[in-house]
Amino acid sequence: MTSNRKKIALVGLGAAAKTIHLPAYSKLANLELVGGHDPAITLAAGKGAFPFPVYEDVNTLLEQTKPDILAIASPTRFHYELAEQGLKYGCHIFCEKPFTTTLDEAHQLIALSEKQQRWIVVNNEFRFMNIYEAAKDKIGSPGFGDLLFINAQQSFYVNEKTEAGWRGNDPQRTCKEFGIHVLDLCRYFFGEEPLQISARMPKPSNPTGPDYLNLIQLDFSGGRSAQITLDRLTRGRHRYLDLRLDGSQASIETEFGGNVQFSAGIRGGDRKPFVGFDVSLGGRALQYHAENAKKIASDPLDIFANATSKLLKNFIDAIDNGGVPACSAQDNIKTLALMLAAYTSNDQGKPVPFAEHWS
């Protein structure tokens, strides 16, 4: 047992808990999961189903376990109430994104967290994936130069399994649930807020249904920009997220998902033959100079859990050392605002100014 061991309690025991949170916690020797709660799971059903006690309500969970951190992996509409409850009890908060549904709620929680001298950290874990950390480190280096443009693409094949539960019925399905990660990465890579955001979310097959197609443009200072296409209308192959970062000296391409690849051929430019072999179970990042590529990072198969554990380690270190944790609510509110501005831009049919509100 280490001197800075922290106790964490988890509210919400669904897919995110099972595939991301629980594996992430198990990677940290200084984090102890002391209990959980989910309103959809009875005490009888929870007994023996999890390797920790399951409690009948949040108050009992907090009183019986006295956690240092309350983790929230419930549907978004419950985040405000649960975070408020945890803060008032004296917990730090580790919350799934988006951490509230409105900016007013976000401001209220931030004010409460500062009053209680506690942190809220939002699990925008993509910043802690190896491939994106490596890309960030290259920005501004002699080999890559200045970041000029980001192109982000998702082709997501939706089916009954992916749309099961509360997420599939949300008219703000794609940008709120996934696009918020891409918007956060754009802020992370450029290191500033966009001047404005333009978004179109056409619904050709179901006008009142989820926003399965997002066409988003971010304009940054100096004529730099990001173009985001999130396509969940596709009936074609699944590509969870492909990014290209164009610098003044080189480009970086990241691929999300497993890759075992043998390649051979003749380059189109210099007509030279090439042979390559690569294994990247969770994702990979390649830096390109024309046709010449160099792998700069890869992620393990449990890419989400691994990144979440790294973010939690950063959180615990900040608590222990008095620092500011990554993905704090004070910063993440800007990502939340950018996601909400995308929907506003679509509804109004025009760009929405952004950076002026956060200067």
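Predicted model: local features only at pLDDT ≥ 70, side-chain atom pairs only at ≥ 80, totals over all residues.
Figure 1. Look for C327 in the loop between α8 and α9 (329–348). Its phi is positive, about 60 degrees, even though C327 is not a glycine. What makes that worth a close-up? Most residues other than glycine have a negative phi.

**Figure 2. Q117, an exposed residue with a positive phi.** Here's another non-glycine with a positive phi of about 60 degrees: Q117. Q117 sits in the loop between α5 and β5 (120–122). Is Q117 buried or exposed? At 65% relative accessibility, Q117 counts as exposed, because the cut-off for that is over 50%.

**Figure 3. A cis peptide bond between K97 and P98.** Now zoom in on the link from K97 to P98: this peptide bond is cis, with omega near -20 degrees. Most peptide bonds are trans. P98 belongs to the loop between β4 (92–95) and α5 (103–116).

Figure 4. Side chains of opposite charge can pair when their charged atoms come close. Which helices does the pair link? K310 is in helix α8 (residues 303–321) and E133 is in helix α6 (residues 130–138), so these are distant parts of the chain, 177 residues apart. K310 is partly exposed, at 24% relative accessibility, and E133 is partly exposed with a relative accessible area of 24%.

**Figure 5. R284 and E255, a buried pair joining two strands.** R284 and E255 meet through their side chains in a salt bridge of 3.0 Å, N to O. R284 lies in strand β14 (residues 283–289) and E255 in strand β11 (residues 251–256), so the bridge ties together parts 29 residues apart in sequence. Both R284 and E255 are buried.

**Figure 6. D170 and K176, a salt bridge with both partners buried.** Check out the side chains of D170 and K176, which form a salt bridge at 2.6 Å, N to O. Are these two buried or exposed? D170 and K176 are both buried.

Figure 7. For the model as a whole, the count comes to 19 salt bridges.

Technical notes:
Residues numbered from 1 in each chain as written. Heavy atoms only, no water. Salt bridge = Lys/Arg side-chain N within 4 Å of Asp/Glu carboxyl O. Helix = DSSP H or I, 4+ residues; strand = E, 2+ residues; numbered from the N terminus. Buried < 20%, exposed > 50% of the residue type's maximum accessible area, 1.4 Å probe, protein only.
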